[in-house]
Amino acid sequence: MKFKKALFAVIVGAFAVLANASTLKPGVLTVATEGTYAPFSYYNDKNELVGYDVDIAKAVAKKLNLKIDFLTAPWDAMLAAFDSGKADAVFNQVSITDERKKKYEFSEPYTVTYGAIIVKKDNNSIKSFNDLKGKKNADSATSNWAKVAASYGAQNVTVDSFAKSMELLIAGRVDTVIRTNVVFYDFLKERPNAPVKIAATGTDKDYAGVAIQKGNTELKKQINKALDELSKEGKLKEISLKYFGIDVSK
């Protein structure tokens, strides 16, 4: 019996070391996220950090037997903090691109969406991505959607949040805002009378995953395992339905 208890203690201890070895602080997963990007990561009227990505991050941390700390900042500042080593991972709808793979490790995708061009309701000049040439698009400087817009000839007007992008669009100071379709529908839930519409959607899927510090393959492996288990258990679908009414997890 003593031998079994000792063996059990060794196994538990080994698991704890495995869970903690890849994090900045032992026993804690430090997550970078915007906190201004509804419905993915935002503060509610009680000043609580909530959202689709926040819930998934919490579920992953629980699977890894880790506590969770959040570091919140606008997109560019958030990535700068992550790049300087102040967080273990980013849960914030980070699109998985070949360029970003050179800089970060990525988990398997936990969100699959489509790009949408949002315009004012009275704008009938934009019907496809090919119509973006010469148009002004509002986005953060390092956003993947800003790069998509630029690839079609749009000029980017730099802002630090989706909310500010939409403010500029409604004010008529920019022509477009490009985001995933689910972000637009969530925006309309909050502002059903906003004078905006989707002018066009892309055919290519956008895959978002957890960004992890380059070389931290151990944490990447642990997060992938947690996401796989959460998917099989139906937890990812449950979180998706909570925020969108549809399953965007796969």
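Helix axes are lines fitted to C-alpha atoms over the stretch in contact, and angles run from 0 to 180 degrees between N-to-C directions. The model is predicted. In this model, helix H2 spans residues 52-63 and helix H9 spans residues 235-244. The two helices pack at an angle of about 160 degrees. Their axes lie 10 Å apart. Angles over 145 degrees count as roughly antiparallel, so H2 is roughly antiparallel to H9. The crossing of the pair is right-handed. On the H2 side, Tyr52, Asp55 and Ile56 make the contact. H9 contributes Leu236, Ile239, Ser240, Lys242, Tyr243 and Phe244. By class, the contact of H2 with H9 comprises 6 nonpolar residues, 1 polar residue and 2 charged residues.

At the level of domains, the chain is divided in two. Domain 1 is assigned to 28-112 + 208-244. Domain 2 covers 113-205. The centres of domain 1 and domain 2, taken over C-alpha atoms, are separated by 24 Å.

The interface between the domains was then examined. Contacts link 18 residues of domain 1 with 17 residues of domain 2. About 1300 Å² is buried between domain 1 and domain 2. Carbon and sulfur atoms give 51% of that area. On the domain 1 side, the residues that lose the most area to domain 2 are Tyr37, Asp76 and Val112. Together, Tyr37, Asp76 and Val112 account for 32% of what the domain 1 side buries.

Conventions: Residues are numbered from 1 along each chain as its sequence is written. This is a predicted model: local features need pLDDT of at least 70, side-chain atom pairs count only at pLDDT 80 or more; totals for chains, interfaces and linings use all residues. Side-chain values use heavy atoms; hydrogens and water are left out. Helices (H or I, at least four residues) and strands (E, at least two) are DSSP runs, numbered from the N terminus. Angles under 35 degrees count as roughly parallel, over 145 as roughly antiparallel, 65 to 115 as roughly perpendicular and the rest as oblique. A crossing is left-handed if the near helix is turned anticlockwise from the far one by less than a right angle, and right-handed if clockwise. Contact means heavy atoms within 4.5 Å. Ala, Val, Leu, Ile, Met, Phe, Trp, Tyr, Cys and Pro count as nonpolar, Asp, Glu, Lys and Arg as charged, and the others, Gly among them, as polar. Domain bounds come from an automatic or database domain assignment. Buried area is the accessible area (1.4 Å probe) that two parts lose on being put together, summed over both.
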